[in-house]
Each structure stands twice: as C-alpha cells, then as structure tokens.
Amino acid sequence: MKYFNFIRLLLTFLFMLYFYLETLPADRAVQSLIVQKAEQSRDKIISIRHYLHMYPELSNREYKTSEYIAQTLEKLGLEVKRGVAKTGVVGLLKGEKSGLTVGIRADMDALPIQEVNDIPYSSKNPGIMHACGHDIHMAVALGTAKVLSEMRDKIKGNVKFIFQPAEEGAPDGEEGGAALMIKEGVLENPEVSAIFGLHIFPDLKVGTIGYNLTTTMASVDKFEVIVKGKRAHGAYPWESIDPVVTASQIILGWQTIISRQIDIRNPAVLTVGIFEIYGETGRFNIIPEKVRLIGTVRSLSDGTRKQVEEKMRRISQNIARANGAEINLFKYVHSTPVVVNNPELVQKTLPGIKEVVGSENVISVKPSMGGEDFEFFMEKIPGFFFRLGIRNEEKGISPSALHTADLMVDEDAIIIGVKVMANILVDYLEREGN
Ligand code: NI
C-alpha cells in the first residue's frame, strides 16, 4: 500500500511538472533547454577552441581552419559551402518550422605575433597567434551550431553560420573579408534578414556583455605621405630644403585638426606610426631628399572622417609650400567604415541577453576606436555587434589589450557566448517570423 501511495505521489508530481512546463512562456522553456545543452557540450566546445588556438593562420590563408570548421558543421548535419571569399565557410541550419533566415558571423584569421603564453594549447605555428580572440568567436559560433542542431524542432526558420576570413585585412593586392563574402552572395540564398556578431573585450569581466545602441566602433583609414625637399650635407642646412623639419611641422600641424578644427563631440584619432627617410639610407650628417609618414585615422562619424582627410591634405600641402618643399604623395585609403548597430534590433535583442546573463551584467559601454569589417554586413541588413567579457582577476586573467602576445581569456566566456548567441538567434526567428 505504501508503494502504491508513492507511485500516486510521483504521478501527481510529474503531472504538475508537465503542467508547469506547458504554462511557461515558450521562449523560457527553449532558453533553459539552450542553457542545458550548452553545459552538456562544455568540454567539447572548449576543446574546439583549443584546437583552433593551436593552429592559427593568417588572413586569406585559413586553410586548415576552414576545413576543420566545414567538417565540424557537416557532422552536425548542416548544409555546408566551402571556399566563399577564398577560405570562408557558410553553414545553413534548417529548423523544422519554416520562417526567416538569421545570420551569425565569426571571423577566422590570426595575427603575425609570437605567443608567449606557456599553456598546453599554445600556438604550434611559429610567429602566428590568435591574439584578437577570433578562436573564441569561432568556438562560440560552432558551439551555437552544435546546441541548435540538437533542437531543430524548436527553430522557426534557418540560421546561417558565416565564418569569415581576413577580418584583419587581406594581404596587399588581395580582396577579402566581409566585403568579398557579400560580393559572392553570402547574404542571399536564402536571404539573411538580420545578422549578429560578437567580439571578446578585455575590459569587461567574464559573465558580462557590453553593447552600444548605435555607433560601436570607429572607421579605420590608412595614410601615406611623402615629403620631398632638397638633399644637402648636414653641416650646410641652408643649402637644403629639409624634409625632416618640414615633416615634423606637418605632424604638429595635424595635431590641431583633432584639438582645434573638428567638433570634439564627434571624436577622431590621428596617429603617425612610421616616420622614415625614403628612398635612400640615412646618415647622421646628411639631410635626406625625402621623408615618408605612415599612420592611421579613426573616427566615429562619416562627417568627421571626411573632414580629417581634407584638413590633413590642406595642412600637408601648405606647410610643405611654406618651406619650399612639396608633397610627392598623399595616399589616403578607407579601410573599414564606422560600425553602427541597428538601434531597433538592439532594443529588441537586449531582453533576451538579460535573461541569460542577468540585467546587471548587460552594460552600455563607450564606443571603441578600434575597427571591424562587420559594418559591411550592417550596410546591407540590420545587425547587432556586441562585446563579450573575458576578464577574471580571481583566476589571474587580466588581459591588457587585444593584439598582444600574452592575451589570455577566461574560457567560461565561450559557454556564455554560446548561450547568448543561441538564445538571440532562436528569439529573433520566433519574434520576427510572424
Ligand atoms: Ni578582432
């Protein structure tokens, strides 16, 4: 009799549990399923990151990375396209219910940096390192693919996984990156209606997500200026037109663009990274004929971007003329545009992120003066590019910056990234697909 009572109690409990789950909002149930599946796959996802970290490859040369991603996606049952924009991979996951197609992008390339971390999975490719976290971005995307491939019945539409080469810029003379993927039709067949991406961020603690409603990263331009004077012996400067002094004045002149000529409420940065004698070997007692300046300009608005370029040109030419020198070359290359999120999409997406990590951990941050070619996607369709916290002082993980030889990441961030991404994508399809 006791046994019978127990069975009855158990059945009542199960019935109540079933009833409780049924009355939960659908998205809440899906969300806890995502969390559960991400946790179950934790070890697998972290091992994916270790593999990618061990075998970093440079922009447009991501051959092994590309094959590894394609095979992983195929094993999960996705439709896979290889060789998009050279080494890019696109995976399509079809939900059981029909609907829209949403995109997630992860960048694939590493940097020409020798890793100094002594860890079991440190880079095996000399002089190359995933020092910008693209290994993390790929692991998050592959983890998301794994989680979502196990719950197709809950997905209303398709998810397109876009693995993009050459985010750091294609080698000279080559095309590549987001722009080339778009040119090759990555946003079509099926048409992608919105895109999401993330970047690790050293300033943010693990467990937090940083975002901007609109402008989130700066435009990136590269300039090269050659100042031509007249060569002379260093002992007889009056016989020269000194390009070293002229170039120095030009650099100081440019400083007033930022401090005095643009509206500082729309900030910009101008940095000269290289100041060198051009076309000959210098000597301590020779005034050379030419000097070359190479550097970068960053800005957070298109208007400021245009102004800085115009003012740089004017100041260079007029200071050169004032000294009797000339500007031999003024080359100004626009590399990537200002990165601007779609505010409506951000606002609709935030509640879902807050449910995963807690509202106190979703932080509005200042825009970054770093750049990203993700904007090329957002020029075509609405998008949201946000930041993933990776810092953990208690574990001794306090990275100073990206692109450094000792960059370390708290790997819990990967699993958090998977939970957030999977949730955002399913949510979007559910919300917008009606
Ligand atoms: Ni990066």
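Q: Why does phenylalanine 201 count as buried?
A: Buried means under 20% relative accessible area, with exposed over 50% and partly exposed in between (1.4 Å probe, protein chains only). Phenylalanine 201 has 18% relative accessibility, so it counts as buried. The model is predicted: local features need pLDDT of at least 70, side-chain atom pairs count only at pLDDT 80 or more, and totals for chains, interfaces and linings use all residues. Residues are numbered from 1 along each chain as its sequence is written, and side-chain values use heavy atoms, leaving out hydrogens and water.

Q: Which residues does phenylalanine 201 touch, not counting those up to four places away in sequence?
A: Contact means heavy atoms within 4.5 Å. By that rule phenylalanine 201 touches Arg387, Leu388, Gly389 and Ile390.

Q: What makes Cys132, His134 and His199 donors of the nickel ion?
A: Donors are N, O and S atoms within 2.8 Å of the metal (3.2 Å for Na, K and Ca); water is not among the atoms, so sites may look incomplete. Cys132 (SG), His134 (NE2) and His199 (NE2) coordinate the nickel ion at 2.2 to 2.3 Å, and therefore count as donors. Along the chain their spacing is C-x1-H-x64-H. Cysteine 132 and histidine 134 are both buried.

Q: How do you know that the largest pocket lies between domain 1 and domain 2?
A: Domain bounds come from an automatic or database domain assignment. Domain 1 (19-216 + 339-432) and domain 2 (219-336) both give residues to the lining of the largest pocket, so the pocket lies between them.
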